[in-house]
Amino acid sequence: MITAAVIGCGRIADGAHLPALSKMDNVRIKYACDLIEEKAIAKKEKYPKIENVITDYHIALNDPEVDAVWVLTPNYAHYTITMDALRAGKHVFCEKPITVSYALSVEMADEAAKQGKILNIGVCNRYHKSVETLREWVAAGKFGKLYHVYCSFRSFRSIPGLGGAFTTKSQSGGGVLIDWGIHFLDLILYILGDAKIETATCDAYSEMAKDMKSYKYRGMWAEDTSDVEHGTNDVDDFITGYVRTDKSSISFNGAWAQNLDKNEMFIDFLGDKGGARLTYCGLFEFCNGETLETEHPQYDIPDMYLCEDRAFVESLETGVKNRSYIDNILESMKLLDALYQSADRKEEIRF
Ligand SMILES: NC(=O)c1ccc[n+]([C@@H]2O[C@H](COP(=O)([O-])OP(=O)(O)OC[C@H]3O[C@@H](n4cnc5c(N)ncnc54)[C@H](O)[C@@H]3O)[C@@H](O)[C@H]2O)c1
């Protein structure tokens, strides 16, 4: 039995990890912690497995019964809470992105190694059957020479929580690239077979909500954190880039908001023997360059959060590190950092 503390009782706790942990017979949720006590109390009412509500996460870290903590706070708080937890001898599941910079991410990885603890990152999409199948097909040579990957993560006017933590760089580390792009770029590096980056070029734009008060939107998920009167919006709402890796080149466009009423979320893998479009994040189609036929593999789409939480707990029980272990995610964080540097400096970053 693993005794857990959940730190941060917002959307991802409610929409993903509390339901998952509630389904796991080998997990006890001793604490739910949030700076805003009412949020933690509301979760305790909704998820009866939660035993105690706290507002100071150190209480959980000082409790010898707690084996592991789930860090589900805004990005800027990932580093401090994770480092405190590791130093207190706890294993950590930390939501994506690792934190707001590559340098701090490396410190977190070093601390996990030093303390001999498991530190997994929330790369839930790595648990899709489609992703695993594509990774296997790439390794088996089904695409032939896989020369390029293109991806789009573009949506119509849906900046999250305008003026709040999501759009304040000091709290989020960036905008659509760090929030959505991380999922797509991490998947690409993973599917290509743990590709290593060689160069990164990027341009970032913040055009759609320059005047926050007059910004028009269809949806604003995270709306409860929005503060268009007094808040900040200093992050990218559109991003475009080009990356060379030791496997394939990658190009991408991402938009939290655009003046096109489209929601285009996909990754295209282009090989000389075959190509595939992975629709984010579910099924994919594969076009065979020899037969000119297109396959549509069908399978159930799993609950990826339940899969990643189960995999984390299994790691704690076996001591075996898995695909979400921080060392396996650092390359994606290095890429994000390089892309933002390239956008700031208006030059290509080389490794
Ligand atoms: N994997 C995914 O698909 C996915 C999806 C959404 C969000 N996320 C990530 O999850 C994290 C949280 O996002 P969210 O949408 O749930 O945000 P949220 O704002 O809804 O919730 C965060 C909560 O953390 C609390 N908090 C902040 N600092 C704290 C502290 N020191 N101690 C205790 N509680 C604290 C806040 O009060 C808030 O209730 C972000 O890093 C985000 O990138 C991942």
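View A. Nine strands form an open sheet with mixed pairing, in the order S14-S13-S12-S11-S7-S10-S9-S8-S15. The edges are strand S14 (294-295) and strand S15 (349-350); each has a single partner strand, so one side of each is left without a neighbour in the sheet. The model is a predicted one, in which local features need pLDDT of at least 70 and side-chain atom pairs count only at pLDDT 80 or more, whereas totals for chains, interfaces and linings use all residues. Residues are numbered from 1 along each chain as its sequence is written. Strands (E, at least two residues) and helices (H or I, at least four residues) are DSSP runs, numbered from the N terminus. Two strands pair if DSSP finds at least two bridges between them.

**View B. Strand S8 and its partners.** Strand S8 (residues 197-205) pairs with S15 in the antiparallel sense, over two bridges. S8 and S9 also run antiparallel, and eight bridges join them. Ala 200 has a bridge partner in each of these strands: Ile 349 in S15 and Val 243 in S9. Strands of a sheet pair through backbone hydrogen bonds, either parallel or antiparallel.

**View C. The hairpin of S9 and S10.** S9 and S10 form a hairpin, with three residues between the two strands. They run antiparallel and are joined by seven bridges. Within this pairing, Arg 244 stands opposite Ser 249 in S10.

**View D. Helices lying across the sheet.** Helix H6 (residues 129-139) lies across strands S7 (146-154), S11 (264-271), S12 (274-279) and S13 (284-288), at about 165° to S12. Helix H8 (residues 176-191) lies across S7, S8, S9 (238-245), S10 (249-255) and S11, at about 150° to S10. Axes are lines fitted to C-alpha atoms, for helices over the stretch in contact, and angles run from 0 to 180 degrees between N-to-C directions.

**View E. Where the two domains meet.** Domain 1 (2-125 + 305-323) and domain 2 (126-303 + 333-350) divide the chain, with bounds from an automatic or database domain assignment. In all, 19 residues of domain 1 are in contact with 22 residues of domain 2; contact requires C-beta atoms, placed from the backbone, to lie within 7 Å. Helices H4 (75-87), H5 (102-115) and H9 (304-318) are the elements that give two or more residues to the side of domain 1 that touches domain 2. The largest share of that side, four residues, comes from H9.
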